[in-house]
Amino acid sequence: MSGTIIVGGFFGDEGKGKIVAHVANKDKAAIIARGGVGPNAGHTINVNDTKYVVRMVPSGFLYPPAQLMIGSGVLVDPRVFAHELDLLKCSGRTKIDGRCGVIEPEHIQLDKTDPNLSKKVGSTGSGCGPANSDRVMRRSRLARDVPELAPYITDVAEDVNAALDEDKSVIIEGTQGFGISLYYGNYPYTTSKDTSASQMAADVGVGPTRIDDVIVVFKAFPTRVGEGPFPTELTHEQSISLGIQEFGAVTHRERRIGTWDGEMARYSAMINGCTSIALTGIDHIDKSVYAATKYSELTPKALKFIETVENDTKKPVGIISTGPDQSHIIDIRDEL
């Protein structure tokens with residue numbers, strides 16, 4: 001069997017979507033199952049001149065043979081889900097666990113108008129916090145209660161475990177980032193549940209003994225959308241001078257930019273049970289490695305940074321993203 005979890009190591013926006021799509025193709029994934037909170041997380045994948053932003057369907061949709069699944073721990077917005085099925089033309093291979101909680105219009109309204117969520121915490125306004133609150137209070141609808149979702153309902157836990165029993169490759173795709181975990185992040189400036197690898201396994205119904213690898217995705221320069229502490233944050237002027245300006249995939253708010261945080265990376269790798277690291281944005285450390293596809297093309301400056309990452313986390317860097325496109329990637333495992 002081959003069970004792999006891919007999660008974000010900082011505050012989200014680490015480039016997990018690109019890494020999931022890469023690993024799915026390389027490992028020939030039979031199932032890509034999404035864990036996490038819900039449509040408050042957007043994963044961006046750039047292929048040539050086409051940009052995809054997905055909030056419900058797993059990022060591995062770029063690998064056509066894979067079945068795409070949304071685990072029972074994930075909140076589903078039927079409107080967002082329907083839009084993505086139409087956009088990506090993947091309805092025939094996408095399934096939802098019938099036990100998923102459902103985001104209602106009133107959840108979105110409350111998320112946008114509640115002062116604590118919209119102003120203090122800086123919520124995305126996707127309705128996830130109020131929907132999770134209703135789930136805890138045992139009064140929310142589940143996916144199996146929504147007629148328009150009926151064609152897509154399955155038991156994701158049963159399907160994923162069956163695939164592992166048959167020695168097929170399964171990828172569990174995490175959302176958000178470790179730094180906004182309800183339990184381990186900067187509370188109260190967090191999302192509405194845990195975001196660590198253990199939670200992702202639970203979200204799709206997979207026990208810890210079934211996981212072989214946990215790939216933690218770290219951005220060379222952490223970014224954060226919304227409120228909350230950010231120890232290594234740069235000023236707007238500093239980030240612009242470095243040529244770094246980004247916007248959230250869901251909210252389109254400008255991201256706060258910081259420098260590498262070795263202590264946070266160490267703690268994140270520990271809690272997540274990291275086995276290897278995917279490092280993104282290294283082209284912002286040294287612009288001359290932009291679009292590199294071979295380890296031999298990395299410069300001494302880039303290699304020094306990779307050494308710092310490995311020393312801080314005590315884990316190996318296995319995948320390196322050198323630019324925004326899906327092809328801008330180095331898989332060190334190919335060169336060993």
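Student: How do the residues of the lining of the largest cavity divide into nonpolar, polar and charged?

Tutor: This is a predicted model, in which local features need pLDDT of at least 70 and side-chain atom pairs count only at pLDDT 80 or more, while totals for chains, interfaces and linings use all residues. Residues are numbered from 1 along each chain as its sequence is written, and side-chain values use heavy atoms, with hydrogens and water left out. On a 1 Å grid over the protein atoms alone, a cavity is a set of points where a 1.4 Å probe fits but cannot get out, a pocket is an open set with protein on both sides within 12 Å along at least five of seven lines, and lining residues have an atom within 4 Å of a point. Ala, Val, Leu, Ile, Met, Phe, Trp, Tyr, Cys and Pro count as nonpolar, Asp, Glu, Lys and Arg as charged, and the others, Gly among them, as polar; the lining, which consists of Ile-215, Ser-276, Ile-277, Ala-278, Gly-318, Ile-319 and Arg-333, therefore divides into four nonpolar, two polar and one charged.

Student: Which strand gives the largest share of the lining of the largest cavity?

Tutor: Strands are DSSP runs of E with at least two residues, and helices are runs of H or I with at least four, numbered from the N terminus. Strand 12 (276–280) and strand 13 (317–321) each supply at least two residues of this lining. The largest share, three residues, comes from strand 12.

Student: Which helix gives the most to the lining of the second largest pocket?

Tutor: That pocket is lined by 16 residues. With four residues, the most comes from helix 7.

Student: Is Asp-77 buried or exposed?

Tutor: Asp-77 meets Arg-79 in a salt bridge (a side-chain nitrogen of Lys or Arg within 4 Å of a carboxyl oxygen of Asp or Glu). Buried means under 20% relative accessible area, exposed over 50% and partly exposed in between, with a 1.4 Å probe and protein chains only. Arg-79, at 42%, is partly exposed. Asp-77 has a relative accessible area of 3%, so Asp-77 is buried.

Student: What separates Glu-263 and Arg-266 in helix 9?

Tutor: Glu-263 forms a salt bridge with Arg-266, the closest N and O atoms being 2.8 Å apart. The two are three residues apart in helix 9, so the separation is about one helical turn.
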